[in-house]
Amino acid sequence: MALVPTAGTDGAVFTEVDMGSSDSGSTVRATVVQAATIFYDTPATLDKAERLLAEAASFGSQLVVFPEAFIGGYPRGSNFGVTIGNRTLKGKEDFRKYHAAAVNVPGPEVDRLAAMAGKYKVFLVMGVIERDGYTLYCTVLFFDNQGCYLGKHRKLMPTGLERIIWGFGDGSHIPVFDTPIGKIGAAICWENKMPLLRTAMYAKGIEIYCAPTADSRDLWQASMTHIALEGGCFVLSANQFCRRKDYPAPPEYVFTGTDEEPAPESVVCAGGSVIISPSGAVLAGPNYDGEALITADLDLGDIARAKFDFDVVGHYARPEVLSLIVRDDPATPVSFTSERSDGSHK
């Protein structure tokens, strides 16, 4: 595995490449991006995403996965002025700015991401903050290498204080897309710990399991290895690497939950992005050194080799004893009996 400095992106970016020796016909080159959002500046973040995507494509990557909430930002350290029974005026203004940085799906930012995927001929998995009216969702968007938007996954269960700023996804947003490079899906951060969600994805035949995250702890690596082994799939986990200076300075943006305001150069998310094979072997990463493009060749034959040992929804299942029902219809709070086929109503 080589660690090679590259130019042309913000800050110090390294490219970590693990080149396999497998038959190219059954191999997919995949990259996980480890980089920070330009907070409150979605156009600049899109520009940065394109630079990183172009660089990954220059190494022959066919699939590129970005971190959780890369477009729109992960509001690490913020409490949005919330205490039980009260929300401060500053916290409400913080939410207004965060809402303004989010993206509509569909919308112009989604169109630009689709154009990027088509331009660089890559399958793109992108973490965004989705704006649906005045509710935000932590979402992953999927694009094919022809520049077509495929669909989205909304995070089913935000963690902790995330629940005050993000809505909840439903069963209609757990897609696995059958593509020429494999069946691709995603679960975001700690919803990867939900065994029934994982089982639903296994039942859809997922082969390349994307896990955008905001968790840089060492323990995260154990979860990613377990999922690869349990699902007999490749796991691609992308996290941001960011310092305090990647967020607005105080008093505009204040880190809470610490004894003192972190210094500008303090690392507030250390990354840990990683690519793991269906056998549990680490193919690339984890990287804790800085912004990086972490790349590996995925031998798709490894999936069949792993499933021979253990197929969690196949020969290792016991449906007469244990089974799962997934409610995958859209859950909408309001329905109109006069609604037309195009979604409008009288």
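Visitor: Over residues 28-300, what share of the chain is helix and what share is strand?

Guide: Helices (H or I, at least four residues) and strands (E, at least two) are DSSP runs, numbered from the N terminus; over residues 28-300 the chain is 24% helix and 30% strand, with the end C-alpha atoms 7 Å apart. This is a predicted model, in which local features need pLDDT of at least 70 and side-chain atom pairs count only at pLDDT 80 or more, while totals for chains, interfaces and linings use all residues. Residues are numbered from 1 along each chain as its sequence is written, and side-chain values use heavy atoms, with hydrogens and water left out.

Visitor: How many salt bridges does a search of the whole structure find?

Guide: A salt bridge is a side-chain nitrogen of Lys or Arg within 4 Å of a carboxyl oxygen of Asp or Glu, and the search finds 22 of them. In one, glutamate 265 meets arginine 243 at 4.0 Å, N to O; glutamate 265 lies in the loop between strand S14 (241-243) and strand S15 (267-270) and arginine 243 in strand S14, so the pair ties together parts 22 residues apart in sequence.

Visitor: Which aspartates does arginine 305 meet in salt bridges?

Guide: Arginine 305 meets aspartate 299 at 3.3 Å, N to O, and aspartate 302 with the closest N and O atoms 2.6 Å apart.

Visitor: Are those aspartates buried or partly exposed?

Guide: Buried means under 20% relative accessible area, exposed over 50%, and partly exposed in between (1.4 Å probe, protein chains only); aspartate 299 is buried at 13%, whereas aspartate 302 is partly exposed at 24%.
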